Amino acid sequence: SSAVAAVGLVLPRRADAPAMGAVRFYFGEFEQARAIYGRLIAGARYPVPWLDNLAAVEIAAGNPGQARRLLARAVELERDAGRDDPYRRGRLAVATALDGDLPGARALLDGIVAAQPLPELLANRGALRARAGDLPGAEVDLTLALAREPARLPAWVALARALEARGRA
């Protein structure tokens with residue numbers, strides 16, 4: 001520590017470790033998280049995970065349109081690499097919904113759920129269906145999601161609201 005404090009001594013500054021992006025994000029330091037993830041995206045041969053992380057920052061910062069663009073790019077790069085993560089496409093659907101395009105989000109979720117009816121995706125589609133007024137469809141999706149993953153609390157809340165709206169409190 002005495003060498004670091006010596007007047008005139010210059011030590012090279014180490015770049016932030018990748019994990020610092022998550023730390024900055026957790027503490028609401030979105031600009032710093034953006035800088036870290038931007039550097040990681042620029043230097044990565046396969047930047048998809050970093051695009052995911054930066055999209056999460058943008059959603060938290062209230063920029064769902066930017067998150068949607070980042071996730072669309074991640075999905076495209078993933079497909080180009082011969083990979084497919086239904087959860088990533090599900091996150092794209094969520095960003096699409098948050099960006100105000102509910103029909104687009106529903107179309108994305110319909111396509112994913114048809115191939116892989118995963119609980120998280122069913123719950124998200126159920127929430128979209130409820131918002132669009134399709135309460136019977138919402139009940140079906142949410143019930144299926146909860147049958148597969150009973151601990152998904154937001155799905156219970158969404159199901160309770162859908163049932164109440166149908167007069168089945």
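Which residue forms a salt bridge with Arg-152? It's Glu-149, and the closest N and O atoms are 2.7 Å apart. By salt bridge I mean a side-chain nitrogen of Lys or Arg within 4 Å of a carboxyl oxygen of Asp or Glu. Glu-149 is partly exposed, at 29% relative accessibility. For that word, the cut-offs are: buried is under 20% relative accessible area, exposed is over 50%, and partly exposed is in between, using a 1.4 Å probe and protein chains only.

Quick housekeeping, everyone. This is a predicted model, so local features need pLDDT of at least 70 and side-chain atom pairs count only at pLDDT 80 or more, while totals for chains, interfaces and linings use all residues. Residues are numbered from 1 along each chain as its sequence is written, and side-chain values use heavy atoms, with hydrogens and water left out.

Okay, back to salt bridges. Searching the whole structure turns up 18 of them. Some share partners, and in that way Arg-106, Asp-110, Arg-125, Arg-129, Asp-134 and Asp-141 are joined into one network.

Now have a look at Arg-68 and Asp-99. Their side chains meet in a salt bridge, 3.1 Å from N to O. Arg-68 sits in helix 5 (residues 64–80) and Asp-99 in the loop between helix 6 (86–98) and helix 7 (102–115), so this pair ties together parts that are 31 residues apart in sequence. When I say helix, I mean a DSSP run of H or I with at least four residues, numbered from the N terminus. Both partners are partly exposed: Arg-68 has a relative accessible area of 24%, and Asp-99 has 34%.

One more pair: Arg-24 and Glu-29 form a salt bridge, with 2.8 Å between the closest N and O atoms. Arg-24 is partly exposed at 23%, and Glu-29 is partly exposed at 28%.

While we're in that part of the chain, find Ala-22, in helix 2 (residues 19–26). Ala-22 is partly exposed, with a relative accessible area of 40%. Its C-alpha atom is 7.0 Å from that of Ala-33, eleven residues apart along the chain.

Next up, helix packing. Two packed helices are described by the angle between their axes and the distance between the axes. The axes are lines fitted to C-alpha atoms over the stretch in contact, and angles run from 0 to 180 degrees between N-to-C directions.

How do helix 3 and helix 4 pack? Helix 3 (residues 30–43) and helix 4 (residues 48–60) pack at about 160 degrees, with axes 9 Å apart. They are therefore roughly antiparallel to each other, a label for angles over 145 degrees. On the helix 3 side of the contact (heavy atoms within 4.5 Å), you'll find residues including Phe-30, Tyr-37 and Ile-41, and on the helix 4 side, Trp-50 and Val-57 are among them. By class, that contact has ten nonpolar residues, one polar and two charged. Here Ala, Val, Leu, Ile, Met, Phe, Trp, Tyr, Cys and Pro count as nonpolar, Asp, Glu, Lys and Arg as charged, and the others, Gly among them, as polar.

Last pair! Helix 8 (residues 119–131) and helix 9 (residues 135–148) also have an angle of about 160 degrees, with their axes 8 Å apart. That makes helix 8 roughly antiparallel to helix 9.

Note on methods
Helices (H or I, at least four residues) and strands (E, at least two) are DSSP runs, numbered from the N terminus. Angles under 35 degrees count as roughly parallel, over 145 as roughly antiparallel, 65 to 115 as roughly perpendicular and the rest as oblique.
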